[in-house]
Amino acid sequence: VLGYVRFETVRTLRNPGFLFLVTVVPVALYLIGARGVDEDDQIGGIPSSVWYLASATTIGAIGAAISGSGARLAAERASGWARQLRVTPLTERSWLVGRTLASLLVVLPVILVVGLLAVTVGDVRLDAAQWMTFTVIVVLGSIPIALIGLIVGLAFRAESAQAAQAVAFVLLAWVVPSRSRSSPLRP
Amino acid sequence: LRTIVQVAPSYHLTVLARQALGADGDPTNALIALVVITIVIAAATLVIYRRTA
């Protein structure tokens, strides 16, 4: 499993453009949401800037986890790479674990970039334990979303997987509890 | 709509993330829901993987 995870991880890191793109949406959401909020303004018992940190990061994690697996897997199936993998000693469960871990790797830059933005622009101050808990929850909580991305990659052909992935992202982001339901994507 | 929200992992993920940063509420239900949803989706993924072999 570790060899397969390493292989997938290196493949993802070789595409810095993709890593940049998955951080654009949460960065934009944070900047739009936290813009001009009052320091004393609170939502759900926490300062607004902290609320928007959690919201923008989770929406970014949803997009990253889905796009880290879905369309690429469909393209691999089309190219025959997935079939090649099946004739290796890699078991089904090892494949699942390896693909999921590799998809989760893409979530880390989102947490890092939005976190840096929250500290520098939003003046968010959290202790180390809170940062650690938040990071662990967002990464582990993204597992089912990465799995949905894998299902999209397995169920759709390469041509339609990209669109299916976008639909899945919009649906998952739409149900995220927001401060105002007027806009489903509002963090 | 309520059912859709309850089976959506993104809903529970967001609730847990906010509570990790100090938001009001009990994280137990969201945590249990997320674990159950993960197990079900993982099983479904394996089934689909076998069928696409």
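This is a predicted model. Start by selecting Val1(A), which sits in the segment before helix 1 (2–13) of chain A.

Next stop: the place where the two chains meet. Color chain A and chain B separately, then pick out the residues in contact: 38 from chain A and 31 from chain B. How much area is buried between chain B and chain A? About 3,100 Å², with carbon and sulfur atoms giving 76% of it. Now highlight Arg18(B), Leu21(B) and Tyr49(B): they supply 27% of the area that chain B buries against chain A, more than any other three residues.

Time to zoom in on charges. There is one salt bridge between chain B and chain A. To see it, select Arg50(B) and Glu92(A), whose closest N and O atoms are 2.6 Å apart. While you're here, turn to polar contacts: six residue pairs make them across the interface of chain B and chain A.

Helix 1 (2–7), helix 2 (9–20) and helix 3 (28–51) of chain B each supply at least two residues of the side that touches chain A. Which helix of chain B gives the most to that side? Helix 3 does, with eleven residues.

Notes: Residues numbered from 1 in each chain as written. Chains lettered and ligands numbered in written order. Predicted model: local features only at pLDDT ≥ 70, side-chain atom pairs only at ≥ 80, totals over all residues. Heavy atoms only, no water. Helix = DSSP H or I, 4+ residues; strand = E, 2+ residues; numbered from the N terminus. Contact = heavy atoms within 4.5 Å. Buried area = accessible area lost by both parts, 1.4 Å probe. Salt bridge = Lys/Arg side-chain N within 4 Å of Asp/Glu carboxyl O. Polar contact = N/O pair within 3.5 Å; in protein donor to acceptor, adjacent residues only side chain to side chain.
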